[in-house]
Amino acid sequence: MGVLRQNALYTRAMKQMRQYEAKGDREALQQATELLRRAVAIRGSGEPQAALLGTYSRALIERFRLRPDLTVLAEAIETARTSIATTPPGSRYRTGRLLALCTAGRLWFEQTSDVDVLEEAIAAGLQAAEQSTEHEVPIVCNSLANAILTLYLHNGVPEELHHALAIWREAVEETPLGHPFRGALLSGYSSALFHSYRAEGDLDVLGQAEEVGRQSIALQPAGSIPWAMAVGNLGIVRRNVFLRTGYLPALVEAVQLGRDALQAGGGREDSFRFLMNLQIALLTQYARTNELALIEEAVDAGMEALDSLDTNHSNWSMVALNVVITLKEYSERGAAEAALAEAARLGEHALAVLPDSHPVQVPLLNALSQVRFAQFELGHGEELMGDAVRYGELAVAGTPVEHPLRPSLLIMLARVLEMRGRLLDDSEATRRSVALGKEAVQLLPPDHLTLPESLCVTAASLLNLGTAAEAQQLFEQALALPAMAVTRLGAYRGLAACHLTQGQPDRALACFEQALVAAATLSPRLLLRADRQYRQSFLDGLAQESAACAVLAGRPERAVELAEQFRSILQAEALQQRQDHRAAQRDAPDLAAEVARLRDRQADLEYALWGNQLATTDPATAETATDRLTADLATVTSRLTEVTTRIRQLPGHETYLQPMVFARLQRQSSDGPIVMLYNTEWRSDALIITPDGVEVLPLPLHGRHTAVMSGLKLVEAWVAAATTSSSPGETQQAMREVLEWTWDNVTGRIMQYLGFTQCPVDEQPRIWWYALGGIASLPLHASGHHLEPGRSVLDLAVSSYVTTVRALEYARRANTGTANTALVVAVPDLPGQPRLPHSVREADRIAALIPGSEQLVAGDATFARVHEGLPRHRIAHFACHGAFSVSDPGDSLLMLFDHETNPLTAASIEQWELPAAELAFLSACVTALATGSLADQGVHLASAFQTAGYRQVIGTLWPVPDATALVIADAFYDRLTNSGREQPRAADAARILATSVQQLRAANPEAVSSWAAYIHLGA
């Protein structure tokens, strides 16, 4: 009776198993497992019982794969062992039962890192292979080879990899083309070939892995789990094709393959593999394109993969490594402190639990080196630089000379040491960097994607040692190779430094001219704005360095032109479109329309070519695609040149879509001098632009970082001030010291040179500050010794700032009308923010002084209402909180009532076009600060309002107390309207602001932070 009952349960179970296998019905699998459990409990004997146990073991394995549970897997292993023990050695059924133990043991190892169980699994697989039939060979060999490959990935012993490869190769040769398991077999073989490439670096083996992988996908049912695994494996291979050749379409395909694999294979115990593979592909593509959406998706995928694993899982350390790397990259786009802290914590925890010589150990050490170095760059102390070097040295020491990853580890450590040598004046670190760099260069094949960068890092260290001639040779070698725009920029910059060191400024200037050409390919117009802005950070320092070089070459006019072209690129593009193209649309609409169409096509081709520019191998198809794109771009560019030339022949359009030459820049100095300031290691100057030309005034700033350090001191002071309602004495003292230092070393000398030495009896002269690099964070307008009359800029001149001279020219365009009224916005209360009790009084006072004004207060102050209201008024006033983003200045925002759901950011404001706008007064915190690696791009809220069309913009360099904001605004608008008796005189905004600030200073000269924060941009 028991046997009949057992058979009935078994029959019902097998029916459910077939339904699961055919349709993936999880409920059917659960029912089958329960039926088999009840059948096994009846305890039969002999072959029937062994068969039942074997089937139950396989069902448990499938249950585990769908929902990881070590209890289920442990039962599967024990059941498989019992099944094997009750099966006679010669039985034809023994193979399948050994195979179940092989599979379950490998899965157990992946969860627990229990090597004994993995070795038991391999032994079971070897027994199964010895007695498998021709039909069983593919399944048995695939499982066995997978277990052996898993052991190799754990211990790194090459013989294990060779053994797995031999098994797969022989099985593929013996398996008929029509065998149902051939696709899965090819998938495993492709994976092993890839690991062989990783170990030995043979590009032909990588190509073979790709070919086999594509064959595997073609044989698998689309959307099935085996198909997903094959697709995921091919994605890994294609990513490595990119890493080796620079062929971007391979990487784009890798990302899409990763997404496809995850969609088909999600929800299983090994979903982390699909997530991890996608994360790595996304991270690689982000490193190439810097598209923010990619790194955000990579962080999400990595975190999901990490959360799905227990720390005992054999792959946990690998997943943790990838998350560490991803967080480090993400730190450059926001929340740097938190991202790096989490990366360091996770990486050090993973390192602590890893056994010595684990394959993940070396890349983890390298990742921690990069994380610690990034933390050092944030200013966290020299001990972090020491950690970075130590981790990097351990990574290099743990990598054999013949390992293909050694060159990249060498060059990463060389870069850290180069920075240590330069920033900490450590010549031994510099010499070590040179040695490591040279070794990396020797190890890399001549067509390797990273060779140009390796040459540049080595050359930079040689230059730091004073061996400019040898450094020059390496920079020239790098420029002779295909390289990304960022690498080419660095090479031209380094080569220019070599020429300057050798007293050849003309040759150095030629390098900066070439860098300007390379900069045009840095961020294609089709990238998202935030991603284009981020890539502009790679231009950091080029504006001031090119200007200094041109001065050394005796060409100060070209210095001004170069600085202008390297500055505020996104703003310049927008203004050029609004100035030149709008005028052409009015006077030559057909030609303007053709230009627009050609420029759109040019942008498409530039973006596509940008993706193909490094295709040095693939494939003939890659070369063909690149050639075709290049030819198409040449055709479009030629036609664009023809059409723009025709427009330039029209009266008034001679400079259509051209960079501003010095004569045009000079015309903007008619109302007062424009003073361009820069601080480099070669020289520091004020270039004073007047109607008579440009004059060079050398400044005593020794070394590029002099002004930067003073700016940082001020930033630290205003951060401290922001934490209290009234600035503490030490904060005021720090600010005073910076203002006095700036006067003594910069602005006081300029005032003396210009003859602005006496407090004017009548109207003060105007001056426009055009600050590059670190000087841009200094309050030039407020510098001086304010307790000594006549020894401050505020006493001697009316200051304004320019982001570019083009922006100043745009601010001086003719007005087109609109009511001379104001849109006044006040947001006194926001959740999580300090109250601004004076903001409503500020708004009421302005509305009373300017009849016809429109007020948006509290809940009415939304993005939509502001956007709708601005075009109706010439003046805009915002009394609210401001939020400044260091990592992404385009995300800086004015905090309206709905800022959490619809933020009014700098990036959104600059997209608006308000031709009639006159004056924007941003009575909020930190609305005009340019700092960090994007200082030369002038991205902040005040410049965004300029781009939108406001001729005059008033902003702040640091936080200001609510009460102070009320006093300044009240004084300003009272003078602007003659106490409400006249129409607002927006054209006098700069003078009126200066007078209002002087009045506040006179009342409390010691409270520097209260009056020195306000600046004027525009005409």
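**R406 counts as buried, at 9% relative accessibility, and pairs with E439.** Buried denotes under 20% relative accessible area, exposed over 50%, and partly exposed the range in between (1.4 Å probe, protein chains only). The model is predicted, so local features require pLDDT of at least 70 and side-chain atom pairs pLDDT 80 or more, while totals for chains, interfaces and linings use all residues. Residues are numbered from 1 along each chain as its sequence is written, and side-chain values use heavy atoms, without hydrogens or water. The side chains of R406 and E439 form a salt bridge of 2.8 Å, N to O (a side-chain nitrogen of Lys or Arg within 4 Å of a carboxyl oxygen of Asp or Glu). Because R406 belongs to helix α19 (residues 406–423) and E439 to helix α20 (residues 427–443), the pair ties together parts 33 residues apart in sequence. Helices are DSSP runs of H or I, at least four residues, and strands runs of E, at least two, numbered from the N terminus.

**E297 and R259 join two helices through a salt bridge.** Their closest N and O atoms are 2.7 Å apart. E297 lies in helix α14 (residues 292–307) and R259 in helix α12 (residues 248–265), so this pair links parts that are 38 residues apart in sequence. Both partners are partly exposed, E297 at 27% and R259 at 31%. The whole structure contains 49 salt bridges.

R214 is partly exposed, with a relative accessible area of 34%, whereas E210 counts as buried at 16%.

**A584 and Q576 lie in helix α28.** This helix spans residues 569–587. A584 is buried, with a relative accessible area of 0%, and Q576 is also buried, at 15%. Beyond neighbours within four places in sequence, A584 is in contact (heavy atoms within 4.5 Å) with P589, A592, I647, H653 and Y656. With the same exclusion, Q576 touches H581, L657, Q658, P659 and R806. The C-alpha atoms of A584 and T644 are 9.9 Å apart, although 60 residues separate them in sequence.

**I750 is among the members of the largest nonpolar core that touch the most other members.** Such a core is a set of buried Ala, Val, Leu, Ile, Met, Phe, Trp, Tyr and Cys residues joined through side-chain atoms within 4.5 Å. The largest core has 99 residues, and L677, I750, W769, F878, F972 and Y973 touch the most other members. Helix α33 (residues 729–754) gives the largest share of this core, 7 residues. A second, separate core has 63 residues, including L516, A559, M660 and Y678.

**The largest cavity holds about 170 Å³ of space.** A cavity is a set of points on a 1 Å grid over the protein atoms alone where a 1.4 Å probe fits but cannot get out; lining residues have an atom within 4 Å of a point. Points are joined across faces, edges and corners, and the volume is the space filled by probe spheres set on them. Of its 16 lining residues, A776, Y801, V802, A930 and H940 lie nearest the centre. The structure has 4 cavities of 30 Å³ or more.

Notes:
On a 1 Å grid over the protein atoms alone, a cavity is a set of points where a 1.4 Å probe fits but cannot get out, and a pocket is an open set with protein on both sides within 12 Å along at least five of seven lines; lining residues have an atom within 4 Å of a point.
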